[in-house]
Amino acid sequence: MEYYRGKNILITGAFGGFGLCFISQLLDSGASLILCDAPQSAIPIRGRGKSLPVPVSGREKQILSVIWADLSNAEGCNRLYEEYRKLGKGVDIIIHNAGIAFGGEYVDIPPELNEKIINVNLISIMRLNALFLPELIRHRSGHLIYMSSVAGFVATPLAVSYSTSKFGVRSFAMALHGEIRKHGIRTSIVYPFFSKTSILNSQRFGNPQISTLPGFCATSPADVVTCTLKGAKKGRMHICPGFFSKVMWLAVRLHPVISAQRKIQGYSS
Ligand SMILES: NC(=O)c1ccc[n+]([C@@H]2O[C@H](COP(=O)([O-])OP(=O)(O)OC[C@H]3O[C@@H](n4cnc5c(N)ncnc54)[C@H](OP(=O)(O)O)[C@@H]3O)[C@@H](O)[C@H]2O)c1
């Protein structure tokens, strides 16, 4: 995809399910990458791209840096920014992709983990944008891509903090866009439905009645990322990758119409 060729792209959560697909598709597109993930992922992956879990052979120069930073706190976000500054390179696109989830009823999930979800999924994005935005504004260009979720527009029981964080990402990105579009900075928000990555195996608390999703409902991470990159290239603000995400997006929009019709037909609301 020509849009990404020669651009410097920062990806958080780079070695997770979506992150790896971003790496491989963006390397194919000729982008240069700054990769960030949590420090615990550093054990099996060392060096500057030499043993990355994606084929980089012959494209090592496209990996500008691998930065290990815990984005659940201010120190980790500052560390990512400081390491980036040391590179002496600019950034054109930031893919805010790092995220965590815990399943279960709100009261069964330890409060510190409910807070950690908000810290990793939302506050880290706010912190990183505060650090990186002045440079994008100065250059009057840039593109911020946010991984929200269908849970960012459908309030989702048994994932209350997760859903709160993803609604937050959506409103933060949209409100901020109102301030930064005049500087030529683009915004894209992505709303994946369930996709086959390790986040689906997140720890559960209590005895939540989460029904198992039929395999065909879960989208492939590679397809989600392809759709994201195509949508962002076209300058789309809201990107619904896959059938179920699109249906849910439409259903939420049609809901008032459907309720009104049900009332007309004599159903109680
Ligand atoms: N898969 C889905 O069904 C789905 C649906 C909608 C939205 N999403 C969103 O898509 C994004 C990517 O998720 P994924 O599905 O690819 O899940 P994933 O495979 O679990 O990847 C998440 C990545 O975020 C990293 N991360 C977690 N905590 C971090 C921290 N404190 N500091 C820095 N990095 C941290 C993880 O590192 P470690 O592995 O080392 O912890 C991992 O590399 C998330 O924002 C998620 O909410 C996913």
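Analyst: R140 is found in the loop between α3 and β5; helices (H or I, at least four residues) and strands (E, at least two) are DSSP runs, numbered from the N terminus. The model is predicted: local features need pLDDT of at least 70 and side-chain atom pairs count only at pLDDT 80 or more, while totals for chains, interfaces and linings use all residues. Residues are numbered from 1 along each chain as its sequence is written, and side-chain values use heavy atoms, with hydrogens and water left out.

User: Why is L158 called partly exposed?

Analyst: Buried means under 20% relative accessible area and exposed over 50%, with partly exposed in between (1.4 Å probe, protein chains only). L158 has a relative accessibility of 25%, and therefore counts as partly exposed.

User: Why are α1 and α5 called oblique to each other?

Analyst: Helix α1 (residues 17-28) and helix α5 (residues 221-233) pack at an angle of about 55°, and their axes are 9 Å apart. Axes are lines fitted to C-alpha atoms, for helices over the stretch in contact, and angles run from 0 to 180 degrees between N-to-C directions. Angles under 35 degrees count as roughly parallel, over 145 as roughly antiparallel, 65 to 115 as roughly perpendicular and the rest as oblique. The pair α1 and α5 is therefore oblique.

User: Which residues make the contact of α1 with α5, and how do they divide into nonpolar, polar and charged?

Analyst: From α1 come G17, F18, C21, F22, Q25 and L26, and from α5 come P221, A222, V224, V225, T226, T228 and L229. They divide into 9 nonpolar, 4 polar and no charged. In this scheme Ala, Val, Leu, Ile, Met, Phe, Trp, Tyr, Cys and Pro count as nonpolar, Asp, Glu, Lys and Arg as charged, and the others, Gly among them, as polar.

User: How do you know that β4 pairs with β1 and with β5?

Analyst: Two strands pair if DSSP finds at least two bridges between them. Strand β1 (residues 8-12) and β4 have 3 bridges in the parallel sense, and L10 stands opposite I94 in β4. Between β4 and strand β5 (residues 142-147) there are 4 bridges, also parallel, with I93 opposite H143. In β4 (residues 93-96), I93 and I95 point one way and I94 and H96 the other way, and all are buried.

User: What makes β3 and β7 edge strands of the sheet?

Analyst: The open sheet of 7 strands has the order β3-β2-β1-β4-β5-β6-β7, with parallel pairing. β3 (63-68) and β7 (238-239) each have a single partner strand, so one side of each lacks a neighbour in the sheet. Helix α2 (residues 74-87) packs on the sheet, touching β1, β2 (32-37) and β3, and its direction makes about 155° with that of β3. Helix α3 (residues 111-139) also packs on the sheet, touching β1, β4, β5 and β6, at about 165° to the direction of β5.

Technical notes. Contact means heavy atoms within 4.5 Å.
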